[in-house]
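Have a look at the fold before reading on.

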Amino acid sequence: MIIDAVVVSFDEARGDGVLRDERGREFYFHCVHIADGTRHIDVGILVRARRVVGLRGHDEAVDVVKR
């Protein structure tokens, strides 16, 4: 499932963050899933991503593309 979301947090030291979609759902993501290969993303940026079920059974975002 494709989601449009906003980056609401990003911890550069850990390389992970949280996206929030228009319905208020939150999705964890890791910097290795930023599609352009960078390892940083600014809070407040609009993105499009693919929702997957992660190893712990929680919704996560992969293939994160800055819009």
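How many helices and how many strands are there in the protein chain?

## Overall fold

The protein chain has zero helices and five strands; here helices (H or I, at least four residues) and strands (E, at least two) are DSSP runs, numbered from the N terminus. The order along the sequence is β-β-β-β-β.

Before going further, please note that this is a predicted model, in which local features need pLDDT of at least 70 and side-chain atom pairs count only at pLDDT 80 or more, while totals for chains, interfaces and linings use all residues. Residues are numbered from 1 along each chain as its sequence is written, and side-chain values use heavy atoms, with hydrogens and water left out.

## Size and surface

Along the principal axes, the C-alpha atoms fill a box of roughly 25 × 25 × 20 Å.

Of the 67 residues, 30% are buried (under 20% relative accessible area; exposed is over 50% and partly exposed in between, with a 1.4 Å probe and protein chains only). Among contacts (heavy atoms within 4.5 Å) with a separation of 6 or more, 44% link residues 24 or more positions apart.

## The E2-E3 hairpin

Strand E2 (residues 16-21) pairs with E3 in the antiparallel sense over five bridges; two strands pair if DSSP finds at least two bridges between them. Four residues lie between E2 and E3 in this hairpin, and Gly-24 in the turn has a positive phi of about 90°.

Which residues form the covered face of strand E3? They are Phe-27 and Phe-29, whereas Glu-26, Tyr-28 and His-30 make up the uncovered face of this strand (residues 26-30). Phe-27 in E3 also has Leu-19 standing opposite.

## The E4-E5 hairpin

Strands E4 (residues 46-53) and E5 (residues 59-66) run antiparallel and are joined by six bridges. Val-47 stands opposite Lys-66 in E5. This hairpin has five residues between its strands, and Gly-57 takes a positive phi near 85°.

From Gly-54 to Glu-22, the C-alpha to C-alpha distance is 21 Å, and the two are 32 residues apart in sequence.
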